[in-house]
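Reader: I've got a structure open and I'd like to learn how to read its packing. Where shall we start?

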Amino acid sequence: MRAPLTAALCLAAAPALAGVAEVVDDHVLPATAAFAEATAVLEGAAAADCRGEALRPAYQDAFDAWLGISHLTLGPLEEDGTGLAIGFWPDARGMVGRTVARLVADEDPVARDTEGFSEVSVAGRGLFALERLLYDEAFAGYGADDYACTLAKAIAADLARMGGAVDAAWREDFAQTLKTAGAEDNSRFLDDREAAQALYTALATGLDFTAQQRLGRPMGSFEAPKPQVAEARRSDRPLRNVVLSLEALRELAMTLSDAPIPRTEAAFDRALETARTLDDPRLAGVAEPAGRLRVEALQTEIRAVTRAAAEEIAPALGVSVGFNSADGD
Amino acid sequence: MHLRPITAVGLIAMAASPALAQSKTEVLDTYANIAQAGYEDSLIKAQALQKAVDALVETPSAEALQAARQAWLEARVPYQQTEIYRFGNAIVDDWEGKVNAWPLDEGLIDYVDASYGGPTDANQLAALNVVANPSFSLGGSEVDASEITPDLLEGQLHEAGAVEANVATGYHAVEFLLWGQDLNGTDYGSGNRPWTDYSAGEDCTNGNCDRRGDYLQAATDLLVSDLEWMSGQWAEGGAARAAVLEDEDAGINAILTGMGSLSYGEQAGERMKLGVMLNDPEEEHDCFSDNTHNSHYYDGLGVRNVYLGEYLRVDGSVVTGPALADLVAAADPDVAAELRDRLDATMVELGQIKSAAEAGFSYDMMLARGNAEGEALIMGAVDALVDQTRAIERAVTALGVEQIAFEGSDSLDDPEAVFQ
């Protein structure tokens with residue numbers, strides 16, 4: 001059924017007008033601005049009081065804002081690994097815990113060195129390193145004069161610096177690169193189709209990341225579920241991250257497509273409804289058969305979104321999924 | 001509406017100009033011939049490694065250990081060039097975890113330094129040390145490991161507890177047994193296991209030398225038999241060759257999928273960029289032997305081999321034939337020229353890492369925090385691989401062979417599976 005449909009549309013070589021400019025203006029730039037703002041607030045909060053209790057609300061807000069852009073793996077977040085430095089997850093080898101513990105144990109002076117801190121391992125920076133300090137029993141409860149407080153300030157400042165840089169790089173550079181696809185001096189996107197394909201790939205990759213990683217990792221296998229590896233479980237965010245990522249991806253899909261996409265929308269709504277009513281913030285339920293079944297059902301619904309998008313959005317844009325950074329192991 | 005599962009075979013191929021029909025099959029023949037030669041070379045070199053390992057265990061000496069290490073290094077040259085076949089070929093992908101899994105929690109296998117730590121959240125068996133323990137409990141049942149055999153490694157230890165880091169077999173398990181842990185951090189130097197770890201009687205260092213030797217031999221024997229099997233899959237009449245030739249558009253797609261997936265997600269992302277971002281020498285692909293520069297170099301060369309249809313065998317002979325490059329050139333000469341330039345540029349970047357490492361600026365030093373030169377070298381290769389991936393995407397478009405998303409995702413291939 002797909003074959004004739006896709007073939008027909010692809011033979012009409014010129015793609016439908018892709019919503020590339022709409023994605024940039026209505027989806028990306030507001031979200032990068034929000035992340036820059038939220039991380040700036042986080043930095044200000046840490047400067048005023050770097051202790052855990054004081055910093056947690058700003059951390060939660062910054063993480064919320066991160067979910068608005070974490071799927072934009074093309075461009076500024078990909079360059080120099082900035083996306084990894086902001087949110088290093090999944091962390092299959094437990095690097096965040098080890099790296100933060102080592103920084104604290106050594107009282108590494110790098111935390112007092114604004115320039116030098118950006119050279120630290122990504123496992124010791126960003127939202128996940130900060131989560132350890134604020135929520136892990138091994139660190140939480142540190143005092144204003146403790147090294148951990150200094151480290152929290154350094155991580156917050158580093159996040160604000162990256163938040164500002166990502167917003168600026170999108171606004172001043174990559175937005176134009178996408179919008180001027182096909183222009184003579186644009187070697188990144190040789191035509192509109194390539195720009196649309198890159199955004200569609202971000203959509204498909206983001207959906208897969210939420211299904212395979214955010215849900216799939218804690219699910220593990222039936223015999224060996226792994227609730228302890230859920231994303232940001234220490235700060236009670238696993239399910240919230242799923243919901244926010246779906247909301248962001250829904251917005252991307254809606255802005256990217258010019259034509260109505262009723263089936264994709266409906267699929268998003270079903271998945272979001274299921275996620276919002278799951279009532280299992282840490283996805284800890286994966287350890288029990290009944291809870292696992294509900295998380296699996298959500299995973300299936302997210303995959304249905306991917307299929308709907310593949311059948312509804314991709315042909316209309318004349319694109320397929322490009323290679324993505326999750327193609328490896 | 002009937003939702004068709006998206007599988008590699010279900011790919012839609014378009015613009016299949018009849019004039020090219022014949023040469024697509026020829027291109028796939030070349031692709032399969034290179035695979036067969038590459039796995040056969042890997043087998044030949046693994047057999048040489050097996051001899052060297054047997055000699056080490058029978059008559060341990062510094063020279064015998066050195067000879068085994070040299071044989072391992074040589075064995076990696078053809079094998080890394082076959083990694084391209086992992087992506088796009090289910091037969092290879094399902095198998096390769098036994099042969100080349102990485103990274104590993106080496107404490108599963110043998111003694112480790114105190115700094116290694118013990119069991120972790122993610123892996124309760126991270127410090128099991130099978131060499132020292134003839135019996136242990138695994139998932140609630142007692143395992144008899146009094147004899148260390150290929151069956152024990154393959155059947156019970158490998159990925160024990162469903163943890164991927166429990167790598168009990170393959171090149172990197174053998175590498176650990178030959179070199180030991182690299183305790184030099186991001187300073188120069190590889191693992192420094194003493195040859196007396198294989199000595200008999202009172203000369204034995206670090207205990208259980210006989211069991212360590214058994215483990216090394218069992219793992220090497222498995223490597224040989226696994227490579228023998230894969231070499232057969234690509235021979236005339238083999239299943240992997242047949243799968244590629246079954247549907248020529250799907251076959252062409254498999255080549256492109258392999259090139260793009262290895263270049264981008266695997267090599268540029270998982271292996272190179274992540275290592276430099278983490279400043280972690282354990283992220284080196286061949287971390288015990290400090291052979292990572294070669295691992296990356298030959299991965300890159302493998303991509304180029306299949307595109308240009310040319311592979312230099314370990315005996316100096318050349319396997320060559322009609323190639324994907326010819327198809328792309330016929331479809332769009334500009335895209336073909338760009339892709340070739342990108343592949344060459346990548347090899348220059350990977351060659352710079354290799355030459356720097358061979359001159360003493362080793363890969364783990366490049367990963368050190370604040371080492372700007374090392375970071376520039378590695379990120380230069382990452383950028384080249386990313387550029388190369390874009391050119392591969394353009395080749396996909398030029399050939400009209402739409403590529404598959406999320407290759408290897410069970411769930412997408414079989415949406416019903418999740419209900420089972």
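**Helix pairs in chain B**

Author: Let's start with a crossing: H9(B) passes H11(B) in a left-handed way, that is, with the near helix turned anticlockwise from the far one by less than a right angle (clockwise would be right-handed). Bear in mind that this is a predicted model, where local features need pLDDT of at least 70, side-chain atom pairs count only at pLDDT 80 or more, and totals for chains, interfaces and linings use all residues. Residues are numbered from 1 along each chain as its sequence is written, with chains lettered from A and ligands numbered from 1 in the order in which they are written.

Reader: At what angle do H9 and H11 of chain B pack, and how far apart are their axes?

Author: Two packed helices are described by the angle and the distance between their axes. Here helix H9 (residues 292–308) and helix H11 (residues 333–358) of chain B pack at about 160 degrees, with axes 9 Å apart. The axes are lines fitted to C-alpha atoms over the stretch in contact, with angles from 0 to 180 degrees between N-to-C directions. H9(B) and H11(B) are therefore roughly antiparallel (over 145 degrees; under 35 is roughly parallel, 65 to 115 roughly perpendicular, the rest oblique). Helices are DSSP runs (H or I, at least four residues), as are strands (E, at least two), numbered from the N terminus.

Reader: Which residues make the contact between H9(B) and H11(B)?

Author: A contact needs C-beta atoms, placed from the backbone, within 7 Å. H9(B) contributes residues including B:His293, B:Tyr297, B:Gly300 and B:Tyr307, while those of H11(B) include B:Leu343, B:Met347, B:Leu350 and B:Ala357.

Reader: How do H5(B) and H6(B) cross?

Author: The axes of helix H5 (residues 171–179) and helix H6 (residues 209–234) of chain B come within 9 Å and cross at roughly 150 degrees, which makes H5(B) roughly antiparallel to H6(B). Their crossing is left-handed. Among the residues in contact are B:Tyr171 and B:Leu177 of H5(B), and B:Tyr215 and B:Leu223 of H6(B). Chain B has 14 helices and 4 strands in its secondary structure.

Reader: Now for cores. Which residues touch the most other members of the largest one?

Author: Nonpolar side chains tend to be buried together in soluble globular proteins. A nonpolar core is a set of buried Ala, Val, Leu, Ile, Met, Phe, Trp, Tyr and Cys residues joined through C-beta atoms within 7 Å. In the largest, of 132 residues, A:Leu42, A:Ala62, A:Ala152, A:Leu199, A:Tyr200 and A:Leu203 touch the most other members. Helix H8 (residues 147–179) of chain A gives the most to this core, 16 residues. Domain 1 (9–18 + 184–327) and domain 2 (28–179) of chain A both give residues to this core, so it lies between them. A separate core has 96 residues, among them B:Trp179 and B:Phe288.

Reader: How far apart are the centres of those two domains?

Author: Their bounds come from an automatic or database domain assignment, and the C-alpha centres of domain 1 and domain 2 of chain A lie 24 Å apart.

Reader: Is A:Arg93 buried or exposed?

Author: A:Arg93 has 20 C-beta neighbours inside 10 Å, so A:Arg93 counts as buried (20 or more other C-beta atoms within 10 Å, placed from the backbone; 12 or fewer is exposed, in between partly exposed). A:Arg93 sits in the loop between helix H4 (82–86) and helix H5 (95–106) of chain A. In chain B, buried residues make up 55% of the 420 residues.

Key:
Contact = placed C-beta atoms within 7 Å.
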